[in-house]
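Work through the exercises below with the sequence and the model at hand. Each task is followed by a solution in steps.

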Amino acid sequence: MNKNWWKILATVLVLYSIIAGFLFHVPAKPILNETIRNIHFHVPMWFAMIVILTVSFIYSIRYLNSANENDDLMAVESANVGIIFGILGLVTGAVWAKYTWGEAWSNDPKQNSAAIALLVYLAYLVLRNSLEEEQKRGRISAVYNIFAFPIMVVLLFILPRMTDSLHPGNGGNPGFNTKDMAPELRPVFYPAVLGWILISVWITTIRYRIRKLENRQNLIN
Amino acid sequence: MDLLNQVKFLIRKEIMLEWRSKYALNGILLYVVSTVFVCYLAFRDITSPPTWNALFWIIMLFASVNAITKSFIQESKGRQLYYYTITSPQAIIISKIIYNIFLMLLLSVIALGFYTLVFKNLLGDPLFYFFAVLLGSISFASVFTMISGIASKANNAGGLMAILSFPVIIPLLVVLIKLSKNAMDGLDRSESYDEIGVLIAINIIVITTSLLLFPYLWKD
């Protein structure tokens, strides 16, 4: 119980955000209307992805210093989960864009950047597959992961701010920050973000433990 | 031997090796010229500036991937072991980056010259466009050198090189295309300071991470 409280918290927060996100009152804004409820699902995916990819980055650095196989496992599993959350973020965003901007893919700089960031991590997985020996695989893929991370940060946080974007907070659109968000949304939005981040960490730890068990089984056989 | 001497020595070695065989250099120059010519025959003439600009950068992208891929692959295992015993890894990566910058500068000058020769010249501010191209070739060299080091450790290095480098180069390419488009339209040069700043910042980040990470890539 002492160790698992955060998993219970994650479940409660996500369930709450789903129920409250669909049922609570939301401000009626032109164009957005009821689709604003998507903010409780679309935005937390990105928060979760950034957090979990940062975890992957940190474990890659740890692997280079320790050469401990478990650090490498954690790095690859968090990259996997980050990719899943990135895909979910793209899909929820595309659905939302279809209703508000008119097209699922609107050539928006943030959409493009997010897709490229996913390509970087898919390339990371391909690189892993092409290396046979475990020590070498861990080291070289860690090097790529660390090399690509700062560029991904530039891609996601700096470039979209330099051009016009349909997303809020860019190119003269109302900013997405604590001041601009309608007060009714906040009690649902913040718990949703925290809940999804915790869920992503939970999934990663489960995947990590499965991989560790598989490794041990392979050793025994 | 201190780092600076080692770097100088390694660059001289790279240039000498290249000069002796010449096939790689000539090959890549021929590659650029024939790509430009293929594009010319396919497009005949380009009147819209964005297409002109985009096509030039696509040619540069493929030419530079081809030019830099070989920078680690061509070294045999035995020779790498020899360097390992006599120099520091930082010296190796610095010398490779500097050598690739020279190579890319040469390549881009030839590509731009031939490109403006066959396609009608639409440049509004040719000098500033030339500056953008030089900045672009330095950026390509710094990013691709490290990626080619990573790819050379894996099987199927050639195919992997494109997969690994394209997503990483796209942010640079987006900024470069914008910068060179500004130069092409002949906008005031002060309009482009933001882009130049971002490019220099990315280059600094890339070169520092290369310096930090290359020692780990190096030891086998």
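**Exercise 1.** Find what share of the contacts in chain A between residues at least 6 apart in sequence join residues at least 24 apart.

Solution. The model is a predicted one. Of the contacts in chain A whose partners are at least 6 apart in sequence, 73% join residues at least 24 apart. For the setting, chain A has 6 helices and 0 strands, and its pattern along the sequence reads α-α-α-α-α-α. Of its 221 residues, 38% are buried.

**Exercise 2.** Name buried residues of helix 4 of chain A and state what the buried residues pack against.

Solution. Among the buried residues are Pro109(A), Ile116(A), Val120(A), Tyr121(A), Tyr124(A) and Leu127(A). The list also includes Lys110(A), Gln111(A) and Ser113(A). Within chain A, the buried residues of this helix pack against helix 3 (69-100) and helix 5. From chain B, helix 7 (157-184) is also a packing partner.

**Exercise 3.** Describe the contact between chain A and chain B from the side of chain A.

Solution. Step one: the contact takes 24 residues from chain A and 22 residues from chain B. Step two: on the side of chain A, the elements giving two or more residues are helix 4 (109-129) and helix 5 (134-162). Step three: helix 5 of chain A gives the most, with 15 residues. Step four: by residue class, this side of chain A divides into 21 nonpolar, 1 polar and 2 charged.

**Exercise 4.** Classify Ala54(B) and Ile59(B) as buried, partly exposed or exposed.

Solution. Ala54(B) lies in helix 3 (residues 49-73) of chain B, and Ile59(B) is found in helix 3 of chain B too. A residue is buried if 20 or more other C-beta atoms lie within 10 Å of its own, and exposed if 12 or fewer do. Ala54(B) has 16 other C-beta atoms within 10 Å, so Ala54(B) is partly exposed. Ile59(B) has 20 C-beta neighbours inside 10 Å and therefore counts as buried. Not counting residues up to four places away in sequence, Ile59(B) touches Thr35(B), Val36(B), Cys39(B) and Ala111(B).

How values were computed: Residues numbered from 1 in each chain as written. Chains lettered and ligands numbered in written order. Predicted model: local features only at pLDDT ≥ 70, side-chain atom pairs only at ≥ 80, totals over all residues. Contact = placed C-beta atoms within 7 Å. Helix = DSSP H or I, 4+ residues; strand = E, 2+ residues; numbered from the N terminus. Nonpolar A, V, L, I, M, F, W, Y, C, P; charged D, E, K, R; others polar.
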